[in-house]
Amino acid sequence: MSFAELGKAVRKQFFYKFKLFFGLFYSLIITQAIAIVFSFNGTGSISSGQIGQIHFYSADIVLVFTFGWAFISALQLTTKPFRDNEYLFVFNRLSSHLSNLLFLLALSFIGGLSAYLSGYLLKVAVYMFFDFQLIGTNDITSPAVVVAGIITIVLYIWMFASLGYMVGSLVQFQKVFAILIPSIIIGCLILVALSESEAIIRIGKFYFFESSFLLVFIKTTATVCLCFLISAVSTNHLEVRK
Amino acid sequence: MEVIHCENVTKLQGKAKALDQLSFSIKENTITGLIGRNGAGKTTLLKILGGLWRETSGEVKVLSRRPFNSLYVSENSIYIDDAFHFPSHLNLKEILREGERFYPNWNRTLAERLFDYFEFHPKQTHANLSKGKRSTFNMIIGLASRCKVTLYDEPTAGMDRAVRKEMYRVLLKDYLEYPRTIIISSHYLEELEDLLEDVLLLDNGKKVLHLPMDELKEFAVGLTGRSEVLLQWLRGKTILHQQNAGPNELYAVVKKEDISLPEAQRLGMTISPVSSSDVCVYITDRGQGGIDRVFR
């Protein structure tokens, strides 16, 4: 198998997947629309005696919903009905993983861009439909910052997508993960809620409280690579179209 | 040149052996019929050759490479069965277009002509086709892809007789125009007789026969004669099948090479040819008495 052969197959599969998984874009639109509705209440607020209440509006909720959407969509890619559609023409495991990796990146890009823009949509909607006084939009930044912001969002979404993909692949590899992984996730959530577990919060801070763009880039892409490596290794010997 | 080579291939499914120490090889540009009863290992073998499934042990080589997970084999071979899951939101024309994008030797003219001949509607979806129509469509994909190795797993399932015959004809014509290595598994050996060059007969995951079609046709003869004479004369020889042909009369099927026909004639036996599909059934018979044993 030469490198050119692999590249050709990956490219073909990538475009095939766009047609195949077009439905994912509809679910993105619905998810973000719901998130915007939730955001109308403001993503944060402070009260002050002198000027009343100040609401903050941002794309945060949309972003979190998009993370969830990316995770579930990627997980779906690894389920049997999706795989059966995928393993039709020319493929092998590696080309399939690589094209999925790229497809998820493209998906994340679209999701990230629309999530970013939904922040503006939200502000315009609030301005138009609610009787609030606008204090500031806080959006006058240089193009470089905007681009960096969008790339960061895309990378985060991609990271969540690859986590979902890894979970799906592990379940394919061993059915026991289908029970194990949700248990761990729910267990962790309970830990955070009850005892504010340091370790888990530190993981969250490691990824989301990073102020350097370069470090965000390195952390997320490294996570993505790790997830795909695990996916590739765990599914390499699995048979298809059982 | 050998295109397919298998040596001591075993495939375990759970504890059961779907393939058991199977060894054979298939030359380039031949049409081989893969014959066997239900559960003989036909699908398992084809899926392994197509690179979809992994052999448990032994060596499989398709186009000199191990097929499992091989991109090269995936590009140069196609496995057609009736369980193709085409995406539900692509219509038939779009599926053909995708096939064309993936397979380098795709013959668009042939695909479109067959598509029109069998009266498919471009906007139909694969899931809404009837069983026979679906098989026909899958076979069009198999034909048009023109892969070096084409594997058909019961391609005619659900087709009516007329379509089956037409499909075999298309297959032969396209093969003559563009020779490649084809394996067809089927339950209708008699319909395939004129198409096949070789026959590979499997039973319980083992190879029983692998010989040219012409030899299979001459493989066995049927003898009818008085029971005691016939049994006496056939003592020590393998009787593939026997049944009563009337009072005191017996019909027995034996290997042609085991007996001398002139002698049989001299003993007053009637000699009749045995069709290749009957030979396959007799050889893979589960023992004397067949299904009737169940009711005893």
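Trainee: Which residues of chain B does the UniProt annotation "domain: ABC transporter" cover?

Mentor: According to the UniProt record, an unreviewed entry, residues 4-229 of chain B. UniProt positions are given in the numbering used here, feature names are shortened, and annotations may be inferred rather than shown by experiment. This is a predicted model: local features need pLDDT of at least 70, side-chain atom pairs count only at pLDDT 80 or more, and totals for chains, interfaces and linings use all residues. Residues are numbered from 1 along each chain as its sequence is written, while chains are lettered from A and ligands numbered from 1 in the order in which they are written.

Trainee: How far apart are the end C-alpha atoms of residues 4-229 of chain B?

Mentor: They lie 46 Å apart. The span is 35% helix and 30% strand. Helices (H or I, at least four residues) and strands (E, at least two) are DSSP runs, numbered from the N terminus.

Trainee: Now Gly142(B). Buried or exposed?

Mentor: Gly142(B) counts as buried because it has 23 C-beta neighbours inside 10 Å. The cut-offs: buried means 20 or more other C-beta atoms within 10 Å of its own, exposed 12 or fewer, partly exposed in between, with C-beta atoms placed from the backbone. Gly142(B) sits in helix H5 of chain B.

Trainee: What does Gly142(B) touch?

Mentor: Leaving out residues up to four places away in sequence, Ile78(B), Ile80(B), Thr150(B), Tyr152(B) and Pro155(B). Contact means C-beta atoms, placed from the backbone, within 7 Å.

Trainee: Which residues touch the most other members of the largest nonpolar core?

Mentor: Leu34(B), Leu49(B), Val62(B), Ile140(B) and Leu151(B), out of 78 residues. Helix H5 (residues 131-145) of chain B gives the largest share, 6 residues. A nonpolar core is a set of buried Ala, Val, Leu, Ile, Met, Phe, Trp, Tyr and Cys residues joined through C-beta atoms within 7 Å.

Trainee: Why does this core lie between domain 1 and domain 2 of chain B?

Mentor: Because domain 1 (2-211) and domain 2 (217-295) both give residues to this core. Those bounds come from an automatic or database domain assignment.

Trainee: Switching topic. How many residues of chain B are in contact with chain A?

Mentor: 19 residues of chain B, against 22 residues of chain A. Helix H2 (71-76) and helix H3 (92-102) of chain B each supply at least two residues of that side of chain B.

Trainee: And how many helices does chain A have?

Mentor: Chain A has 9 helices, plus 2 strands. Buried residues make up 30% of its 242 residues.

How values were computed. Two residues are in contact if their C-beta atoms, placed from the backbone, lie within 7 Å.
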